[in-house]
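Let's take a walk through this structure together. Have a look around it first, and then we'll go through a few spots.

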Amino acid sequence: MSNIIYPTTNLKVTETLTIERGDGAYVYDSEGNQYLEGLAGLWCTSLGYNNRELIDTTAEQMGKLSYSHMFGGKTHQVGIDLSEKLTAMVPVENAKVFFGNSGSDANDTHVKMLRYYFNAIGKPEKFKIIARERSYHGVTVASASLTGLPPNHTNFDLPFNALGVLRTDAPHYFHGALPGETEEQFVDRIVNNLEQLILKEGADTIAAFIAEPITGASGVIVPPKGYYQKVQAILNKYDILFWADEVITGFGRTGNDFGCTTMGIESPALMTLAKQLSSAYMPISASVIRGDIYEAMIEPSAKVGVFGHGYTYSGHPVAAAVALKTLEIYERDNIFGHAATLGEYMQKRLHEFEDHPLVGEVRGEGMIGAVEMVSDKRSGAGFEGGAVGTFAMQSCQKHGMITRAVAGNSLAFCPPLIVTEAQVDEMIEKLGKALDETL
Ligand code: PLP
């Protein structure tokens, strides 16, 4: 037993698996056992392991300039190149980007930018943020407050009120629909709830609405058709900004460049990116904002003398070089096109488990999916606690595949975008064995 306090782990649990190396879509443990990476690490190793180009890029950049900060406008070309490539890719108007290290800190940056912006335009009371139940936005004090999962809140005494976090429905038809309700009626009801929340709180007090286009860590929830269009109509009506947390859905994961494209979300004002931005070869995140929000912050920062927010590693040159190379590879090798084609195949194969006696719902889009296990297939009633999910996850591991139990008893799938059709078949075969064993 080491002295590590393991993240997002029951602290009673001792070490579970020692991973030693990775290659392509596989990782290997200290005893040499091979595992197919069914979750791309934590939804991030899009180009797989041991990618020679990314390794060489890292080494070259380390040799050239291993560190330089960006405070006070000190800059470097690789950071500028990355910002240009990235801002040209995102569906955010006249995008500007602030670099950080993780999805959580990028979301904190956005919380502060929103305050800075509304203070700048003389609306300091417009600071609240609407976040959804069962969302995941990270674990720092601000981002955990936005996260809608109780285990990330319990015993941490998070400052929801001070941060102005408001909670609205998760767009999960399977669990959220009333008896007999159609998908359309479900959407209309939860969008109406959203509008009532806005009216109750006062639109003048609400800055933004944050959403993962498709949630990941909370069980891969794909909202019903029309949901975002109706949400955006309400937000536009009350002048509330749309903030897309694309930490998982960014860069090809859902079969398009961004989850916003897949879900028909138009012109988000803010976008959070991390994980696949560098294929997880180096930690880096990007808080992207619309140009006019940036413009409004210029004068106030000149008055204070500084925009007083920045991380030691904001724009780290090695992380920037790796991210830039990652984006080049996505483009050159048509990785998003591959993800679209293979994503359709993966969804088709995952949906074969709909008939399995243990499976209540199969959901997903592109190369992200989940299989939810239930105790009563007809009613969709779940199992108490997460023991069934954990058992199935361990069974997958026994059969040579890493996945993750999310939201209790769903198994999540999010393989590296470079997997082949044969590797998707391998994933399905191993999942089948694990489900049969769990039954
Ligand atoms: N936002 C979303 C949608 C995420 O899925 C995650 C992590 O899984 C985060 C934010 C937090 O990112 P990080 O773990 O890099 O802090």
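Predicted model: local features only at pLDDT ≥ 70, side-chain atom pairs only at ≥ 80, totals over all residues.

Strands β14 and β15 (residues 410–413) run antiparallel, with three bridges joining them. A strand here is a DSSP run of E with at least two residues, a helix is a run of H or I with at least four, and both are numbered from the N terminus. Two strands count as paired if DSSP finds at least two bridges between them.

Residues are numbered from 1 along each chain as its sequence is written.

Now zoom out to the open sheet, whose four strands come in the order β11-β12-β15-β14 with antiparallel pairing. At its edges sit β11 (359–365) and β14 (404–406), each pairing on one side only.

What about the ligand? Ser102, Gly103, Ser104, Gly138 and Val247 come nearest among the 15 residues around it, where being near means a C-beta atom, placed from the backbone, within 6 Å. Helix α4 (residues 103–120) gives the most to this shell, with three residues.

Finally, meet two serines with positive phi. Serine 267, in the loop between α10 (259–263) and β9 (270–273), has phi near 40°. It counts as exposed because it has 12 C-beta neighbours inside 10 Å; the cut-offs are 12 or fewer for exposed, 20 or more for buried, and partly exposed in between. Serine 279 has a phi of about 50°, but with 29 such neighbours inside 10 Å serine 279 counts as buried.
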